[in-house]
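Here is a short tour of one protein chain, written for someone who likes to look at side chains. Please keep the viewer open as you read.

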Amino acid sequence: MSMMGEQKFFLGLQIQQYEEETFICQTKYTKEMIQKFSMSNAKSIGTPMSPSTRLDKDEQGSPVDETKYRGMIGSLLYPTASRSDIMFSVCKCAWFQSAPKESHLTVVKRIIRYLIGTISHGIWYPRSNTFKLEGFSDDDLTGDKEDRKSTSGTCQYLAKH
């Protein structure tokens, strides 16, 4: 068996290895996804979802093609492996896959527009023997507009000390 060199791609993840760190991103996949949904000429935007956006069933809204919507959500779920910044927005939009409306599709397209402007973002893993682990949590008690359920989230940072 012979070594074929450093691994550059693994399951769609681009891997760049340096002496003191490793960088993982999904730039190639994201570019292909943007092209797949004909958004190559779309203007980038600074956030994946507006803080004032409150998604609900939008029963009065115009329905959109469920197959296309589900395809977009499925395509956006994969980049969350290296892009935790879109996780909340993508998962929130995924709640409405059974009856998507134009308002939901607008938010999904906004997430893609956000990715256009941040296409080369990823995760840096520094090489170190000393790490500092910090954890944060946030709760929104009965804040969900749809079912009044509590929403909570956590985030952990593992950093070089």
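Let's start at S38, which is exposed because its relative accessible area is 66% (exposed means over 50%, buried under 20% and partly exposed in between, with a 1.4 Å probe and protein chains only). This is a predicted model, in which local features need pLDDT of at least 70 and side-chain atom pairs count only at pLDDT 80 or more, while totals for chains, interfaces and linings use all residues. Residues are numbered from 1 along each chain as its sequence is written, and side-chain values use heavy atoms, with hydrogens and water left out.

**The loop between α1 and α2**

- S38 lies in the loop that links α1 and α2; helices (H or I, at least four residues) and strands (E, at least two) are DSSP runs, numbered from the N terminus.
- Although S38 is not a glycine, its phi is positive, at about 55 degrees.
- D58 also sits in the loop between α1 and α2, and it has a positive phi of about 50 degrees without being a glycine.
- With a relative accessible area of 23%, D58 is partly exposed.

**The chain as a whole**

- The chain has four helices and six strands, and from the N terminus on they run β-β-β-α-α-α-α-β-β-β.
- Of its 161 residues, 30% count as buried.
- Take the contacts (heavy atoms within 4.5 Å) between residues at least 6 apart in sequence: 71% of them join residues at least 24 apart.

**The largest nonpolar core**

- In soluble globular proteins, nonpolar side chains tend to be buried together.
- A nonpolar core here is a set of buried Ala, Val, Leu, Ile, Met, Phe, Trp, Tyr and Cys residues joined through side-chain atoms within 4.5 Å.
- The largest such core holds 24 residues, and Y69, L76, C93, V108 and I112 are the ones that touch the most other members.
- Two or more residues of this core come from each of α1 (27–36), α2, α3 and α4 (102–117).
- The largest share, seven residues, is given by α4.
- Setting aside residues up to four places away in sequence, L76 touches M33, I86, V90, V108, I111, I112 and L115.

**How α2 packs on α3**

- The two helices pack at an angle of about 150 degrees, and their axes are 10 Å apart; axes are lines fitted to C-alpha atoms, for helices over the stretch in contact, and angles run from 0 to 180 degrees between N-to-C directions.
- That angle makes α2 roughly antiparallel to α3, since angles over 145 degrees count as roughly antiparallel, under 35 as roughly parallel, 65 to 115 as roughly perpendicular and the rest as oblique.
- The crossing of α2 and α3 is left-handed, which means that the near helix is turned anticlockwise from the far one by less than a right angle (clockwise would be right-handed).
- From α2, Y69, I73, L76 and L77 meet V90, C93 and A94 of α3.
- By class, this contact of α2 with α3 has seven nonpolar, no polar and no charged residues; Ala, Val, Leu, Ile, Met, Phe, Trp, Tyr, Cys and Pro count as nonpolar, Asp, Glu, Lys and Arg as charged, and the others, Gly among them, as polar.

- Between α2 and α4 the packing angle is about 35 degrees, with the axes 11 Å apart, and their crossing is left-handed.
- On the α2 side, Y69, M72, I73 and L76 meet H104, L105, V108, K109, I111, I112 and L115 of α4.
- The contact of α2 with α4 has nine nonpolar, one polar and one charged residues.
- The angle between α3 and α4 is about 155 degrees, with their axes 10 Å apart, so these two helices are roughly antiparallel to each other.
- Their crossing is left-handed too, and the contact brings together S89, V90 and C93 of α3 with H104, V107, V108 and I111 of α4.
- The contact of α3 with α4 has five nonpolar, two polar and no charged residues.

- S75, in helix α2, is buried, with a relative accessible area of 8%.
- Leaving aside neighbours within four places in sequence, S75 is in contact with Y29, M33, K36 and F37.
- Y78 is in the loop between α2 (66–77) and α3 (87–94), and is partly exposed at a relative accessible area of 31%.
- Beyond its neighbours within four places in sequence, Y78 contacts L11, G12, L13, Q26 and Y29.
- Y78 and Q26 are 52 residues apart along the chain, and their C-alpha atoms are separated by 9.2 Å.
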